[in-house]
Amino acid sequence: MVLAALLLTAGCASTQGVRGAPGSASDRTGSAVPAYVRWGLAAPLPSPPKPSRPTLPARGLPPVVDRVPTRDKVVFLTYDDGAEKDPRFVDLVRELRLPVTMFLTDSVAGPGYGHFARLRAVGAGLQNHTLDHAALRGLPYAGQRAEICGQQRKLHTRFGVRPHLFRPPYGTYDATTLRAAADCGIRAVVLWRATMTTDLSFTTGTRSLRPGDVIAVPATETLSPTLKERTVRLLRRIQEQGLTVGKLDDYL
Ligand SMILES: [Zn+2]
């Protein structure tokens, strides 16, 4: 069950320039062809307005969110586990200045942490998705805390980051999860409203994206099309609906 998030963000849906436009800071490849054209988009991605300071509760249990209450015309791209490590995905994120958030599981991402260091260097947010991808609901406090705090320590050691967002594996959690997450320094638990596999599917009855929706793009080595291809396909859907991509870490 998804609890309502008590979050307030301000701002308007105006755009402040575009990413990947010719000659822009985002297009550093020296190519005469704009980045958005090279990646198969019909138009540049508008840059979202800078959100006002997030207002997560300073203490207590973290809220569980699958969307951010905002009037900005943004949705959020999140990637789980860290199985797929395609260098072209790093190119995509860099060239389009795409503000993605990666929820990493140590046992999956760990052997390829260099890939995620490169993603972080081009602006990706790195957040917590446990050490071993255990289904947490029903596990004792100590086990849940070990999974969450253990990954906090790994990500801090590897990247110097202190994640404040957590996604429970399979989206399954209980009250103990929230307590353990809070004790590990987590400020919000992030689920999703839509999933992009071969096509976009929604967890609710809706058939279209709405401002503030969190989208999960599962990363598996076997899934075809690739993460990069699915992301481009998803960006086209986002643009068709008059939306752009915001950085989740800035809104929460
Ligand atoms: Zn996962």
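**Entry 1: salt bridges**

Which residues are linked with R38 in a network of salt bridges? I looked, and the network holds R38, R88, D91, R94 and E95. For my own notes, a salt bridge is a side-chain nitrogen of Lys or Arg within 4 Å of a carboxyl oxygen of Asp or Glu.

Before going on, I wrote down the ground rules. This is a predicted model, where local features need pLDDT of at least 70 and side-chain atom pairs count only at pLDDT 80 or more, while totals for chains, interfaces and linings use all residues. Residues are numbered from 1 along each chain as its sequence is written, and side-chain values use heavy atoms, with hydrogens and water left out.

I started with D91. Its side chain meets that of R88 in a salt bridge, 3.2 Å from N to O. D91 also forms a salt bridge with R94, where the closest N and O atoms are 3.3 Å apart.

Why can D91 reach R88? They sit three residues apart in helix α2, so about one helical turn separates them. D91 and R94 are likewise three residues apart in α2, so about one helical turn lies between them too. I noted the general rule here: an α-helix has 3.6 residues a turn, so residues three or four places apart point the same way. Helices and strands in my notes are DSSP runs, numbered from the N terminus (helices are H or I with at least four residues, strands are E with at least two).

Then I checked how open these residues are. Buried means under 20% relative accessible area, exposed means over 50%, and partly exposed is in between (1.4 Å probe, protein chains only). R88 is partly exposed at 40%, and R94 is partly exposed at 34%. D91 has 19% relative accessibility, so I filed D91 as buried.

Searching the whole structure gave eleven salt bridges. One of them joins the side chains of E84 and R230, at 3.9 Å from N to O. That pair links distant parts of the chain: E84 is in the loop between β4 (74-81) and α2 (87-96), R230 is in helix α7 (residues 227-240), and they are 146 residues apart. Both E84 and R230 are buried.

**Entry 2: the zinc ion**

Which residues coordinate the zinc ion? I found D81 (OD), H129 (NE2) and H133 (NE2), at 2.0 to 2.1 Å. Donors here are N, O and S atoms within 2.8 Å of the metal (3.2 Å for Na, K and Ca), and water is not among the atoms, so sites may look incomplete. Along the sequence, the donor residues are spaced D-x47-H-x3-H. H129 and H133 are both buried.

T130 is in the loop between β6 (125-128) and α5 (141-159), and with a relative accessible area of 0% it is buried.

I then found R97, with phi near 50°, again positive in a residue other than glycine. R97 is in the loop between α2 and β5 (101-104). Buried or partly exposed? R97 is partly exposed, with a relative accessible area of 42%.

**Entry 3: helix α6 and its surroundings**

I went through helix α6 (residues 175-183) and found T176, T177, L178, A180 and A181 buried. What do the buried residues of α6 pack against? They pack against β3, α5, β7 (165-166) and β8.

D174 caps the N-terminal end of α6, with a side-chain oxygen 3.1 Å from the backbone nitrogen of T176. Just after α6, G185 takes a positive phi of about 95°.

Next I picked V189, which lies in strand β8 (residues 188-190). V189 is buried, with a relative accessible area of 0%. Leaving out residues up to four places away in sequence, V189 touches P62, P63, V64, V65, F166, P168 and L178. A contact means heavy atoms within 4.5 Å. I also checked V189 against Y173: they are 16 residues apart along the chain, and their C-alpha atoms are separated by 9.7 Å.

**Entry 4: D66**

My last stop was D66, in the loop between β3 (64-65) and β4. D66 counts as buried, at 10% relative accessibility. Its side chain makes a polar contact with the side chain of R193, at 3.2 Å. A polar contact is a pair of N or O atoms within 3.5 Å; within protein, one must be able to donate a hydrogen and the other to accept it, and residues adjacent in sequence count only if both atoms are side-chain atoms.
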